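Q: I have a model open and would like to learn how to read its features one at a time. Can we go through it together?

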Amino acid sequence: MSVSAATPWRPTAVQEVLGLWGLGFLGIIVSFLLFGGSGVPKLVATVGFLYLPLIPMRWRGEDYRDYGLSLRTWRQDVRLFLVMSAVVFPLFFGAFVLWTEVLQHLPAELARLLAPFRGSAHFTPRLPPRFAEWVVDQLFVVALPEEFFYRGYMQARLRDAWPHGRRLLGVRLGPAFWLTALLFALGHLAIFQVWRLSVFFPALLFGWMRERTGSVVGAALFHAAANLFVRFLEVSFFGF
């Protein structure tokens with residue numbers, strides 16, 4: 001009588017996502033504690049975001065295209081990116097101006113928790129130094145790896161566990177959408193800056209864009225552009 005081999009244990013979708021998120025989060029914290037403000041924590045984050053999901057993906061015979069890292073809908077992605085930029089960035093500019101005014105009236109300790117900038121603000125349009133390098137860095141080192149890991153891999157795997165949700169602006173958004181945005185925000189606490197929790201709100205836009213096109217390309221473009229726009233505003237208002 002033959003004895004069948006035991007089926008190897010495989011985590012559930014939720015266990016898989018939370019486990020890989022925890023590994024990535026821990027890696028960034030350790031690298032930040034060891035190497036401070038150097039480029040090492042960013043490198044650890046980029047490598048982790050791109051390669052940690054490969055472990056379970058290979059169990060299932062999947063590749064990056066299965067999780068939205070593909071150019072098959074690039075025209076739709078670019079159109080959506082342009083529309084979102086045209087709508088969101090003017091609104092954000094107004095909100096930023098208002099926020100700089102509010103910060104000046106808050107206690108200093110609270111202001112330091114809520115924003116990386118402080119003091120009186122005067123808008124003089126200018127680009128950050130080495131802006132072209134910033135564009136490459138934000139798109140390929142920051143936005144694309146983060147969008148693949150969070151909106152591409154994580155949001156899709158959590159949707160496998162929780163496929164239900166309510167339709168909003170043409171897409172179905174459920175627990176996977178909200179938990180992905182929450183983990184994205186919490187992940188930014190790895191370098192101990194409380195104000196980074198605010199990324200929860202743009203994460204909702206990134207997640208919606210991913211569901212709208214089935215790709216992370218548009219979300220990555222918008223993510224990079226948003227980071228660059230914030231940097232432009234910081235330099236233009238505060239000179240740093």
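This is a predicted model: local features need pLDDT of at least 70, side-chain atom pairs count only at pLDDT 80 or more; totals for chains, interfaces and linings use all residues.

Q: What is the phi of Arg130, and is the residue buried or exposed?

A: Burial goes by relative accessible area: under 20% is buried, over 50% is exposed, and partly exposed is in between (1.4 Å probe, protein chains only). Arg130 counts as exposed because its relative accessibility is 60%. Its phi is positive, about 55 degrees, although Arg130 is not a glycine.

Q: Which loop holds Leu169, and what is its phi?

A: Leu169 is in the loop between strand S1 (166-168) and S2. Phi of Leu169 is near 50 degrees, again a positive value in a residue other than glycine. With a relative accessible area of 63%, Leu169 is exposed.

Q: Let's step back to the whole chain. How many helices and strands are there?

A: The protein chain has nine helices and two strands. Reading along the sequence gives α-α-α-α-α-α-β-β-α-α-α.

Q: What does the radius of gyration say about the protein chain?

A: You take it over C-alpha atoms and hold it against a globule rule, 2.2 Å times the number of residues to the power 0.38. For 240 residues a compact globule would come out near 18 Å, and the protein chain has 20 Å, which agrees. Along the principal axes, the C-alpha atoms fill a box of roughly 80 × 45 × 35 Å. Buried residues are 41% of the 240.

Q: How do H1 and H6 cross?

A: You compare axes, which are lines fitted to C-alpha atoms (for helices, over the stretch in contact), with angles from 0 to 180 degrees between N-to-C directions. The axes of H1 (residues 13-35) and H6 (residues 131-161) come within 8 Å and cross at roughly 155 degrees. That makes H1 roughly antiparallel to H6, since angles over 145 degrees count as roughly antiparallel, under 35 as roughly parallel, 65 to 115 as roughly perpendicular and the rest as oblique.

Q: Which residues make that contact?

A: On H1 they are Ala13, Val14, Glu16, Val17, Leu20 and Trp21; on H6 they are Phe149, Tyr150, Tyr153, Met154, Arg157, Leu158 and Ala161. Sorted by class, that is eleven nonpolar, no polar and two charged residues. For the classes, Ala, Val, Leu, Ile, Met, Phe, Trp, Tyr, Cys and Pro count as nonpolar, Asp, Glu, Lys and Arg as charged, and the others, Gly among them, as polar.

Q: What span should H7 have?

A: The expected span is 1.5 Å times one less than the number of residues. The 13 residues of H7 (residues 175-187) should span 18 Å, and the end C-alpha atoms are 18 Å apart, which agrees.

Q: What covers the buried residues of H7?

A: The cover includes H1, H6, strand S2 (171-173), helix H8 (200-213) and helix H9 (217-238). Among the buried residues of H7 are Phe177, Leu183 and Phe184. Ala181, also in H7, is buried, with a relative accessible area of 1%. Leaving aside neighbours within four places in sequence, Ala181 is in contact with Phe200, Ala203 and Leu204.

Q: And His188: buried or exposed?

A: His188 is buried, at a relative accessible area of 14%, and lies in the loop between H7 and H8. Not counting residues up to four places away in sequence, His188 touches Glu146, Gln193, Arg196 and Val199.

Terms used. Residues are numbered from 1 along each chain as its sequence is written. Side-chain values use heavy atoms; hydrogens and water are left out. Helices (H or I, at least four residues) and strands (E, at least two) are DSSP runs, numbered from the N terminus. Contact means heavy atoms within 4.5 Å.
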